[in-house]
Amino acid sequence: MSESLELQQLVDDEAEEDIKFHRPRPKCRKYPCLGIILATLSALFFSLCSAIVKWMSDVDPMALAAYRFIGVLLPTIPILIYKQKPCFPKDKRIMLILRSFTGSTALMLSFYAFRHMPLSDASVIVFSVPVFTAIFARMFLKEPCGWFNIVSVIVTLVGVILITRPPVIFGNTIDSLGENGQAPEMWGAVAAFSSTLFGANAFVILRALKDVHFSVIMTNFGTFALVQCLIVSFFIGALCLPVCGVDRYLIVALAVFSFLGQILLTIALQMEQAGPVAIARSTDIIYAFIWQVIFFNEVPNRFSIIGTVLVMSSVILTGLRKWVLTLPYEAPMRRKLEFLTK
């Protein structure tokens, strides 16, 4: 999921430059809704990846992350060769390493969260990455942070607190995570939120790398992340192949679904503006709720539902804001939704 959101950020930056310099964006006129449909299918494949990670309890999440990075790396290398881009540009090496480290750490932590938390709760927290990006963009890139960004972050944090229900806040009044010997679930919540912070930093670094072709970034990301996962898996004793034939098929499915989700998202962003695509991608959370009930018999409680509504509202409004910013200044819709641009 992390690399899909980061690719979307790259296209967002490209869209902003198109608007600034009045360059036309490609559109799909014959099938105007095709981009949204593809983005929704992309969310379906990425949600299935999350379900596979939770289902394969016999394989460590770090090892599964390594298998997924293989699925990301292999299709990207031919694109790099075809584009004839330098694999490791001299003036961008430090930023590429930082971007790879933050992105790979975010995905490994999200895999740990998927394993040890309810699938829908972990997906909601991980998917709130774009909301927190404004904070780090303000800190490191000195980008403006308006009242909309501040309110979105506050609403998202309230939603995350309701989902994780930390005992230090809720005490014994409700079923808080970490009670009754559920320490792994509490650590899963910590991993999910940490994944969000690492992912937000990866977004900010990507903005500094927006003049680098995505194949260069993804190749470095896949290579570094694969090595990082293998090292971590080796030292914790998690590097292994599953003995069950079904599990091996699921590993292949994990790589294939990652690739399909990535390709569909790329095509969707080429056909449609980033804002509507971001909103369509939020259906990942809906899929997660469905898989959680069907495959794992876990029914979310009222606090998780309220928290999910809050986080999804922030994510959807953030996507809507991106769309409004792409509209011409004289457009009636932009004037009606001008409050989102502040």
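Which hand does the crossing of α5 and α13 have, left or right? I looked at this pair before anything else, keeping in mind that the model is predicted. The crossing turns out to be right-handed.

**Entry: α5 and α13**
I noted the geometry next. Helix α5 covers residues 119-126 and helix α13 covers residues 283-296; the two pack at an angle of about 165 degrees, and their axes are 8 Å apart. Angles over 145 degrees count as roughly antiparallel, so that is how α5 and α13 run relative to each other.

Then I listed who touches whom. From α5 come Leu 119, Ser 120, Asp 121, Ser 123 and Val 124, and they meet Asp 284, Ile 285, Ala 288, Phe 289, Trp 291, Gln 292 and Phe 296 of α13. Sorted by class, this contact has seven nonpolar, three polar and two charged residues.

**Entry: α2 and α4**
Helix α2 (residues 34-55) packs against helix α4 (residues 93-116) at about 65 degrees, with 8 Å between the axes. Here too I wrote down the hand: α2 crosses α4 in a right-handed way. On the α2 side I found Ser 50, Val 53 and Lys 54, and on the α4 side Phe 111, Phe 114 and Arg 115. The class tally for the contact of α2 with α4 is three nonpolar, one polar and two charged residues.

**Entry: cysteines**
How many disulfides does the structure hold? I found zero. I also checked two cysteines for burial. Cys 49 has 0% relative accessibility and therefore counts as buried. Cys 229 is buried as well, with a relative accessible area of 0%.

**Entry: Asn 149**
Is Asn 149 buried or exposed? I placed Asn 149 in helix α7, residues 147-164. Its relative accessibility is 13%, and the cut-off for buried is under 20%, so Asn 149 counts as buried. I also followed Asn 149 across the chain: Ser 314 lies 165 residues away in sequence, yet the C-alpha to C-alpha distance is 9.3 Å.

**Entry: the whole protein**
The secondary structure comes to 15 helices and zero strands. Of the 342 residues in the protein, 52% are buried. Lastly, I took the contacts between residues at least 6 apart in sequence, and 82% of them join residues at least 24 apart.

How values were computed. Residues are numbered from 1 along each chain as its sequence is written. This is a predicted model: local features need pLDDT of at least 70, side-chain atom pairs count only at pLDDT 80 or more; totals for chains, interfaces and linings use all residues. Side-chain values use heavy atoms; hydrogens and water are left out. Axes are lines fitted to C-alpha atoms, for helices over the stretch in contact, and angles run from 0 to 180 degrees between N-to-C directions. Helices (H or I, at least four residues) and strands (E, at least two) are DSSP runs, numbered from the N terminus. Angles under 35 degrees count as roughly parallel, over 145 as roughly antiparallel, 65 to 115 as roughly perpendicular and the rest as oblique. A crossing is left-handed if the near helix is turned anticlockwise from the far one by less than a right angle, and right-handed if clockwise. Contact means heavy atoms within 4.5 Å. Ala, Val, Leu, Ile, Met, Phe, Trp, Tyr, Cys and Pro count as nonpolar, Asp, Glu, Lys and Arg as charged, and the others, Gly among them, as polar. A disulfide is a pair of cysteine sulfur atoms within 2.5 Å. Buried means under 20% relative accessible area, exposed over 50%, partly exposed in between (1.4 Å probe, protein chains only).
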